[in-house]
Amino acid sequence: MKRASIFLGILFLAAAGFTQGYQVGDVAGDFRLKNVDGKYVSMSDYPDAKGFIVIFSCNHCPYVVAYEDRMIALHQEYAAKGFPVIAINANDPEVQPQDSYELMQERAREKGFPFPYVFDEGQKVLPLYGATRTPHVFLLERVGDELKVAYIGAIDDNYQDASQVKEKYLANAIEALIKGKRPEPDFTRAIGCTIKKKS
Amino acid sequence: MTKKILLGFSLVVSLLTMINKVYAVDGRAIRKVSFDEFEPRLHLENDTIYVVNFWATWCAPCVREIPVFETIQEQYKDQKVKVLLVSLDFPNQLESRVIPFVDRMGMKSEVVLLDDTDSNRWIPLVSEEWTGAIPATVIFARGFRGFYEQEFHLEELESIIKPLLN
(Lines give C-alpha, C1' and ligand atoms only; values in the text may rest on other atoms or scores of the structure.)
Protein backbone atom coordinates (compact mmCIF):
# COMPACT_ATOMS: atom_id res chain seq x y z
CA MET A 1 0.00 0.00 0.00
CA LYS A 2 2.70 2.38 1.12
CA ARG A 3 4.77 1.36 -1.86
CA ALA A 4 1.83 2.04 -4.14
CA SER A 5 1.33 5.53 -2.77
CA ILE A 6 5.03 6.32 -3.14
CA PHE A 7 4.80 5.07 -6.71
CA LEU A 8 1.76 7.25 -7.30
CA GLY A 9 3.59 10.20 -5.78
CA ILE A 10 6.53 9.71 -8.10
CA LEU A 11 4.17 9.34 -11.02
CA PHE A 12 2.45 12.58 -10.01
CA LEU A 13 5.75 14.46 -9.70
CA ALA A 14 6.85 13.10 -13.06
CA ALA A 15 3.57 14.23 -14.61
CA ALA A 16 3.89 17.68 -13.00
CA GLY A 17 7.44 18.05 -14.30
CA PHE A 18 6.29 16.83 -17.66
CA THR A 19 3.63 19.49 -18.15
CA GLN A 20 5.84 22.28 -16.90
CA GLY A 21 8.54 21.70 -19.47
CA TYR A 22 12.05 23.09 -19.50
CA GLN A 23 13.33 25.88 -17.36
CA VAL A 24 16.53 27.83 -17.83
CA GLY A 25 19.49 25.60 -16.91
CA ASP A 26 17.75 22.34 -17.86
CA VAL A 27 19.30 19.94 -20.35
CA ALA A 28 17.28 19.96 -23.56
CA GLY A 29 16.54 16.76 -25.42
CA ASP A 30 17.19 16.26 -29.12
CA PHE A 31 14.40 15.45 -31.56
CA ARG A 32 13.98 14.00 -35.02
CA LEU A 33 11.28 15.89 -36.86
CA LYS A 34 10.25 16.15 -40.50
CA ASN A 35 11.26 19.34 -42.25
CA VAL A 36 9.24 21.01 -45.00
CA ASP A 37 11.64 19.44 -47.56
CA GLY A 38 10.66 15.95 -46.42
CA LYS A 39 13.97 15.27 -44.66
CA TYR A 40 14.24 14.69 -40.95
CA VAL A 41 16.14 17.17 -38.77
CA SER A 42 17.89 16.58 -35.45
CA MET A 43 20.14 18.91 -33.52
CA SER A 44 22.80 16.18 -33.68
CA ASP A 45 22.98 16.92 -37.44
CA TYR A 46 24.83 20.13 -36.52
CA PRO A 47 28.06 18.99 -34.82
CA ASP A 48 29.59 22.47 -35.11
CA ALA A 49 26.68 24.42 -33.65
CA LYS A 50 27.35 26.27 -30.41
CA GLY A 51 23.67 26.17 -29.71
CA PHE A 52 20.23 26.52 -31.25
CA ILE A 53 17.43 29.02 -31.48
CA VAL A 54 14.45 26.69 -31.14
CA ILE A 55 11.25 28.59 -31.94
CA PHE A 56 7.82 27.04 -31.46
CA SER A 57 6.00 28.51 -34.42
CA CYS A 58 3.09 27.84 -36.74
CA ASN A 59 1.43 29.08 -39.92
CA HIS A 60 -1.75 30.76 -38.76
CA CYS A 61 -0.84 32.94 -35.78
CA PRO A 62 -0.68 36.69 -36.54
CA TYR A 63 1.97 37.12 -33.84
CA VAL A 64 4.14 34.57 -35.65
CA VAL A 65 3.50 36.26 -38.99
CA ALA A 66 4.58 39.56 -37.42
CA TYR A 67 7.87 37.92 -36.39
CA GLU A 68 8.68 35.78 -39.47
CA ASP A 69 10.97 38.37 -41.05
CA ARG A 70 12.78 38.82 -37.75
CA MET A 71 13.17 35.04 -37.45
CA ILE A 72 14.79 35.00 -40.89
CA ALA A 73 17.09 37.90 -39.95
CA LEU A 74 18.09 36.16 -36.71
CA HIS A 75 19.02 33.01 -38.60
CA GLN A 76 20.96 34.98 -41.19
CA GLU A 77 22.93 36.74 -38.50
CA TYR A 78 23.46 33.99 -35.96
CA ALA A 79 23.66 30.69 -37.92
CA ALA A 80 27.13 31.77 -39.06
CA LYS A 81 28.02 32.50 -35.44
CA GLY A 82 26.98 29.00 -34.39
CA PHE A 83 23.35 29.53 -33.44
CA PRO A 84 20.97 28.43 -36.23
CA VAL A 85 17.20 28.73 -35.99
CA ILE A 86 15.03 25.63 -35.95
CA ALA A 87 11.31 26.44 -36.10
CA ILE A 88 8.88 23.79 -34.87
CA ASN A 89 5.18 23.70 -35.64
CA ALA A 90 3.64 21.75 -32.76
CA ASN A 91 0.01 22.67 -33.38
CA ASP A 92 -2.39 19.81 -33.94
CA PRO A 93 -3.77 20.36 -37.47
CA GLU A 94 -6.97 18.55 -36.50
CA VAL A 95 -7.64 21.44 -34.12
CA GLN A 96 -6.09 24.17 -36.29
CA PRO A 97 -6.34 23.10 -39.95
CA GLN A 98 -4.17 26.03 -41.15
CA ASP A 99 -1.22 24.42 -39.36
CA SER A 100 -1.03 21.28 -41.49
CA TYR A 101 2.28 20.00 -42.86
CA GLU A 102 1.24 20.89 -46.42
CA LEU A 103 0.50 24.49 -45.44
CA MET A 104 3.84 24.62 -43.57
CA GLN A 105 5.51 23.74 -46.88
CA GLU A 106 3.54 26.47 -48.60
CA ARG A 107 4.42 29.09 -45.96
CA ALA A 108 8.11 28.13 -45.98
CA ARG A 109 8.13 28.51 -49.78
CA GLU A 110 6.35 31.87 -49.70
CA LYS A 111 8.69 33.31 -47.08
CA GLY A 112 11.80 31.49 -48.28
CA PHE A 113 12.72 30.31 -44.80
CA PRO A 114 16.49 29.76 -44.68
CA PHE A 115 16.06 27.56 -41.57
CA PRO A 116 14.37 24.20 -41.03
CA TYR A 117 10.65 24.42 -40.32
CA VAL A 118 9.79 21.06 -38.82
CA PHE A 119 6.54 19.40 -37.81
CA ASP A 120 6.08 17.93 -34.33
CA GLU A 121 3.59 15.35 -35.52
CA GLY A 122 1.65 13.89 -32.61
CA GLN A 123 3.04 16.56 -30.26
CA LYS A 124 5.89 14.42 -28.93
CA VAL A 125 8.47 17.20 -28.50
CA LEU A 126 6.05 19.88 -27.28
CA PRO A 127 5.50 18.49 -23.74
CA LEU A 128 9.26 18.11 -23.20
CA TYR A 129 9.86 21.78 -23.90
CA GLY A 130 6.61 22.97 -22.37
CA ALA A 131 5.99 25.67 -24.96
CA THR A 132 2.53 27.17 -24.53
CA ARG A 133 2.28 29.74 -27.29
CA THR A 134 3.62 30.76 -30.68
CA PRO A 135 6.13 32.23 -31.05
CA HIS A 136 7.87 30.78 -27.99
CA VAL A 137 11.68 30.74 -28.05
CA PHE A 138 14.05 28.32 -26.33
CA LEU A 139 17.69 29.34 -26.77
CA LEU A 140 19.99 26.36 -26.24
CA GLU A 141 23.76 26.39 -25.71
CA ARG A 142 26.16 23.52 -26.05
CA VAL A 143 27.87 22.68 -22.78
CA GLY A 144 30.16 19.69 -23.32
CA ASP A 145 28.01 16.95 -24.83
CA GLU A 146 24.79 18.50 -23.67
CA LEU A 147 22.48 21.24 -24.84
CA LYS A 148 21.33 23.44 -22.00
CA VAL A 149 18.46 25.91 -21.99
CA ALA A 150 19.96 29.40 -21.71
CA TYR A 151 16.97 31.64 -22.38
CA ILE A 152 13.21 31.18 -22.69
CA GLY A 153 10.73 33.72 -23.94
CA ALA A 154 10.15 36.39 -26.52
CA ILE A 155 12.20 37.55 -29.51
CA ASP A 156 11.94 41.20 -28.49
CA ASP A 157 9.63 43.69 -26.80
CA ASN A 158 7.56 44.91 -29.76
CA TYR A 159 5.57 42.46 -31.89
CA GLN A 160 3.86 45.31 -33.75
CA ASP A 161 6.80 47.14 -35.17
CA ALA A 162 10.35 45.86 -35.53
CA SER A 163 11.64 49.42 -35.90
CA GLN A 164 10.27 50.38 -32.47
CA VAL A 165 11.98 47.55 -30.56
CA LYS A 166 13.77 48.71 -27.43
CA GLU A 167 14.94 45.36 -26.03
CA LYS A 168 16.15 42.63 -28.39
CA TYR A 169 15.85 39.94 -25.72
CA LEU A 170 16.84 36.99 -27.90
CA ALA A 171 19.66 38.68 -29.84
CA ASN A 172 21.05 40.06 -26.57
CA ALA A 173 20.91 36.59 -25.02
CA ILE A 174 22.85 35.09 -27.94
CA GLU A 175 25.41 37.91 -27.80
CA ALA A 176 25.85 37.22 -24.09
CA LEU A 177 26.49 33.51 -24.75
CA ILE A 178 28.98 34.35 -27.50
CA LYS A 179 30.84 36.52 -24.98
CA GLY A 180 30.73 33.73 -22.39
CA LYS A 181 28.22 35.62 -20.24
CA ARG A 182 24.79 34.70 -18.91
CA PRO A 183 21.76 36.15 -20.68
CA GLU A 184 20.06 38.88 -18.69
CA PRO A 185 17.10 38.54 -18.58
CA ASP A 186 17.01 34.79 -19.20
CA PHE A 187 13.19 34.60 -19.15
CA THR A 188 10.59 36.89 -20.72
CA ARG A 189 6.92 36.64 -21.53
CA ALA A 190 4.89 37.70 -24.53
CA ILE A 191 1.40 37.39 -25.86
CA GLY A 192 1.01 34.62 -28.37
CA CYS A 193 -1.38 32.09 -29.85
CA THR A 194 -2.07 29.08 -27.66
CA ILE A 195 -0.49 25.92 -29.02
CA LYS A 196 -3.48 23.88 -30.08
CA LYS A 197 -3.92 20.46 -28.51
CA LYS A 198 -6.77 17.98 -28.63
CA SER A 199 -8.81 18.37 -25.48
CA MET B 1 -6.90 83.06 -12.55
CA THR B 2 -3.98 81.80 -14.63
CA LYS B 3 -4.26 78.57 -12.68
CA LYS B 4 -7.90 78.25 -13.57
CA ILE B 5 -7.20 78.81 -17.26
CA LEU B 6 -4.38 76.27 -17.13
CA LEU B 7 -6.65 73.79 -15.38
CA GLY B 8 -9.39 74.37 -17.94
CA PHE B 9 -6.90 74.01 -20.75
CA SER B 10 -5.46 70.77 -19.42
CA LEU B 11 -8.98 69.45 -18.90
CA VAL B 12 -9.82 70.15 -22.52
CA VAL B 13 -6.55 68.55 -23.63
CA SER B 14 -7.15 65.41 -21.58
CA LEU B 15 -10.73 65.21 -22.82
CA LEU B 16 -9.45 65.47 -26.38
CA THR B 17 -6.91 62.70 -25.81
CA MET B 18 -9.66 60.56 -24.33
CA ILE B 19 -11.90 61.17 -27.31
CA ASN B 20 -9.03 60.39 -29.63
CA LYS B 21 -8.66 56.98 -28.08
CA VAL B 22 -12.26 56.01 -28.59
CA TYR B 23 -12.90 54.44 -31.94
CA ALA B 24 -16.38 54.12 -33.25
CA VAL B 25 -17.98 52.50 -36.27
CA ASP B 26 -21.76 52.67 -36.65
CA GLY B 27 -22.20 53.77 -33.08
CA ARG B 28 -20.14 50.98 -31.59
CA ALA B 29 -17.27 52.51 -29.63
CA ILE B 30 -14.20 50.76 -28.34
CA ARG B 31 -11.48 52.40 -26.30
CA LYS B 32 -7.77 51.84 -26.84
CA VAL B 33 -5.91 51.69 -23.55
CA SER B 34 -2.33 51.37 -22.41
CA PHE B 35 -1.64 48.91 -19.64
CA ASP B 36 -1.22 51.69 -17.08
CA GLU B 37 -4.63 53.06 -17.98
CA PHE B 38 -6.14 49.60 -17.84
CA GLU B 39 -4.47 48.20 -14.71
CA PRO B 40 -6.78 49.77 -12.07
CA ARG B 41 -9.65 47.78 -13.56
CA LEU B 42 -7.93 44.61 -12.41
CA HIS B 43 -7.94 45.80 -8.82
CA LEU B 44 -11.40 47.20 -8.19
CA GLU B 45 -12.62 46.51 -4.69
CA ASN B 46 -16.39 46.54 -4.38
CA ASP B 47 -19.23 44.03 -4.29
CA THR B 48 -19.07 43.18 -8.02
CA ILE B 49 -17.67 39.98 -9.50
CA TYR B 50 -15.36 40.89 -12.37
CA VAL B 51 -14.66 38.55 -15.28
CA VAL B 52 -11.80 39.95 -17.38
CA ASN B 53 -11.03 37.96 -20.51
CA PHE B 54 -8.04 38.50 -22.81
CA TRP B 55 -8.87 37.58 -26.39
CA ALA B 56 -8.35 38.45 -30.05
CA THR B 57 -10.46 38.12 -33.18
CA TRP B 58 -7.82 35.88 -34.77
CA CYS B 59 -7.68 33.48 -31.80
CA ALA B 60 -10.01 30.57 -32.56
CA PRO B 61 -10.49 29.29 -28.99
CA CYS B 62 -11.11 32.90 -27.85
CA VAL B 63 -13.78 33.39 -30.48
CA ARG B 64 -15.37 30.07 -29.48
CA GLU B 65 -15.71 31.11 -25.86
CA ILE B 66 -17.02 34.66 -26.47
CA PRO B 67 -20.66 33.41 -26.35
CA VAL B 68 -19.90 31.91 -22.93
CA PHE B 69 -18.93 35.31 -21.53
CA GLU B 70 -21.87 36.94 -23.28
CA THR B 71 -24.22 34.39 -21.73
CA ILE B 72 -22.75 35.02 -18.29
CA GLN B 73 -23.12 38.80 -18.70
CA GLU B 74 -26.73 38.39 -19.82
CA GLN B 75 -27.66 35.72 -17.28
CA TYR B 76 -26.39 37.67 -14.29
CA LYS B 77 -27.17 41.17 -15.50
CA ASP B 78 -29.37 41.82 -12.47
CA GLN B 79 -26.66 40.65 -10.15
CA LYS B 80 -23.31 42.25 -9.71
CA VAL B 81 -21.35 40.50 -12.43
CA LYS B 82 -19.30 42.52 -14.89
CA VAL B 83 -17.65 41.04 -17.97
CA LEU B 84 -14.80 42.97 -19.58
CA LEU B 85 -13.37 41.67 -22.84
CA VAL B 86 -9.82 42.89 -23.44
CA SER B 87 -8.88 42.59 -27.10
CA LEU B 88 -5.21 41.99 -27.94
CA ASP B 89 -5.79 42.51 -31.63
CA PHE B 90 -3.36 44.67 -33.57
CA PRO B 91 -4.29 48.27 -32.75
CA ASN B 92 -4.36 49.29 -36.41
CA GLN B 93 -7.11 46.71 -36.98
CA LEU B 94 -9.48 48.12 -34.39
CA GLU B 95 -11.75 49.79 -36.92
CA SER B 96 -11.24 47.38 -39.81
CA ARG B 97 -11.56 44.16 -37.83
CA VAL B 98 -12.40 44.37 -34.13
CA ILE B 99 -15.41 46.70 -34.25
CA PRO B 100 -17.00 44.86 -37.22
CA PHE B 101 -16.44 41.57 -35.35
CA VAL B 102 -18.05 42.91 -32.17
CA ASP B 103 -20.96 44.19 -34.24
CA ARG B 104 -21.40 40.95 -36.16
CA MET B 105 -21.39 38.90 -32.95
CA GLY B 106 -23.82 41.38 -31.39
CA MET B 107 -21.59 41.51 -28.33
CA LYS B 108 -23.08 43.30 -25.34
CA SER B 109 -20.17 43.03 -22.90
CA GLU B 110 -17.76 45.93 -22.64
CA VAL B 111 -14.78 45.63 -24.97
CA VAL B 112 -11.50 47.55 -24.76
CA LEU B 113 -8.38 47.15 -26.87
CA LEU B 114 -5.13 46.88 -24.92
CA ASP B 115 -2.50 48.67 -26.97
CA ASP B 116 0.77 48.06 -25.14
CA THR B 117 3.62 46.24 -26.83
CA ASP B 118 5.80 45.73 -23.74
CA SER B 119 3.94 42.58 -22.73
CA ASN B 120 6.91 41.19 -20.80
CA ARG B 121 6.28 43.99 -18.31
CA TRP B 122 2.53 43.71 -17.96
CA ILE B 123 1.79 39.98 -18.35
CA PRO B 124 3.05 39.20 -14.80
CA LEU B 125 1.10 42.22 -13.49
CA VAL B 126 -2.08 40.53 -14.75
CA SER B 127 -0.99 37.22 -13.25
CA GLU B 128 2.35 35.65 -12.35
CA GLU B 129 0.89 32.40 -13.70
CA TRP B 130 0.26 33.73 -17.20
CA THR B 131 2.66 32.47 -19.88
CA GLY B 132 1.19 34.90 -22.42
CA ALA B 133 -1.01 32.45 -24.33
CA ILE B 134 -4.59 33.48 -25.02
CA PRO B 135 -7.40 32.99 -24.14
CA ALA B 136 -6.70 33.93 -20.55
CA THR B 137 -9.17 35.08 -17.91
CA VAL B 138 -8.97 36.76 -14.53
CA ILE B 139 -11.98 36.42 -12.23
CA PHE B 140 -12.02 38.46 -9.06
CA ALA B 141 -14.37 39.55 -6.32
CA ARG B 142 -14.01 40.50 -2.69
CA GLY B 143 -11.83 37.82 -1.13
CA PHE B 144 -11.34 35.91 -4.39
CA ARG B 145 -8.93 36.01 -7.28
CA GLY B 146 -8.50 33.34 -9.92
CA PHE B 147 -6.44 33.17 -13.11
CA TYR B 148 -7.24 30.77 -15.95
CA GLU B 149 -5.08 30.25 -19.06
CA GLN B 150 -7.67 28.13 -20.85
CA GLU B 151 -10.83 28.13 -22.92
CA PHE B 152 -13.99 28.16 -20.79
CA HIS B 153 -17.14 26.18 -21.22
CA LEU B 154 -20.28 27.61 -19.68
CA GLU B 155 -20.68 25.07 -16.87
CA GLU B 156 -17.11 25.56 -15.74
CA LEU B 157 -17.36 29.34 -15.69
CA GLU B 158 -20.68 29.17 -13.85
CA SER B 159 -19.19 26.83 -11.26
CA ILE B 160 -16.65 29.55 -10.43
CA ILE B 161 -19.07 32.48 -10.46
CA LYS B 162 -22.08 30.95 -8.66
CA PRO B 163 -20.39 30.45 -5.27
CA LEU B 164 -19.16 34.06 -5.43
CA LEU B 165 -22.69 35.42 -5.80
CA ASN B 166 -23.66 34.61 -2.22
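## A helix in chain B

Just after helix α4(B), Gly106(B) has a positive phi of about 60°. Helices here are DSSP runs of H or I with at least four residues, strands are runs of E with at least two, and both are numbered from the N terminus. This is a predicted model, in which local features need pLDDT of at least 70 and side-chain atom pairs count only at pLDDT 80 or more, while totals for chains, interfaces and linings use all residues. Residues are numbered from 1 along each chain as its sequence is written, and chains are lettered from A and ligands numbered from 1 in the order in which they are written.

Helix α4(B) spans residues 94-104, and Val98(B), Ile99(B) and Val102(B) are its buried residues. A residue is buried if 20 or more other C-beta atoms lie within 10 Å of its own, exposed if 12 or fewer, and partly exposed in between; C-beta atoms are placed from the backbone. Seen down the axis of α4(B), the buried residues fall within an arc of 90°, so they line one face of the helix. The arc is that of the directions from the helix axis to the C-beta atoms. Ser96(B) and Arg104(B), on the other side of α4(B), are exposed.

## A helix in chain A

Helix α3(A) covers residues 101-111, with Met104(A), Arg107(A) and Ala108(A) buried. Viewed down the axis of α3(A), these buried residues fall within an arc of 100°, so they line one face of the helix. Glu102(A), Arg109(A) and Glu110(A) are exposed on the other side.

The buried residues of α3(A) pack against β4 (85-89) and β5 (117-119) of chain A. Gly112(A) follows α3(A), and its phi is positive, near 60°.

## The seven-stranded sheet

Chain A holds an open sheet of 7 strands. Its order is β2-β1-β5-β4-β3-β7-β8, and the pairing is mixed. Two strands pair if DSSP finds at least two bridges between them. β2 (40-41) and β8 (146-153) of chain A stand at the edges with a single partner strand each, so one side of each has no neighbour in the sheet.

Inside the sheet, β1(A) (residues 33-35) and β5(A) pair in the antiparallel sense over 2 bridges. Asn35(A) has Val118(A) in β5(A) as its bridge partner.

## Where the chains meet

In the contact between the chains, 16 residues of chain A meet 16 residues of chain B. Contact requires C-beta atoms, placed from the backbone, within 7 Å. Strand β9(A) (residues 192-194) gives the most to chain A's side, with 3 residues.

A second open sheet has 3 strands in the order β6(A)-β9(A)-β6(B), with mixed pairing. β6 (133-134) of chain A and β6 of chain B are the edge strands, and each pairs on one side only. β6(A) and β9(A) are antiparallel over 2 bridges. There, Thr134(A) has Cys193(A) in β9(A) as its bridge partner. β9(A) and β6(B) (residues 133-134) pair in the parallel sense, also over 2 bridges. Gly192(A) stands opposite Ala133(B) in β6(B).

## The nonpolar core

The largest nonpolar core has 90 residues. Such a core is a set of buried Ala, Val, Leu, Ile, Met, Phe, Trp, Tyr and Cys residues joined through C-beta atoms within 7 Å. Ile53(A), Phe138(A), Leu139(A), Leu170(A) and Ile134(B) have the most contacts inside this core.

Not counting residues up to four places away in sequence, Phe138(A) touches Tyr22(A), Ala28(A), Val54(A), Tyr129(A), Val149(A) and Ile152(A).

Note on methods
Two residues are in contact if their C-beta atoms, placed from the backbone, lie within 7 Å.
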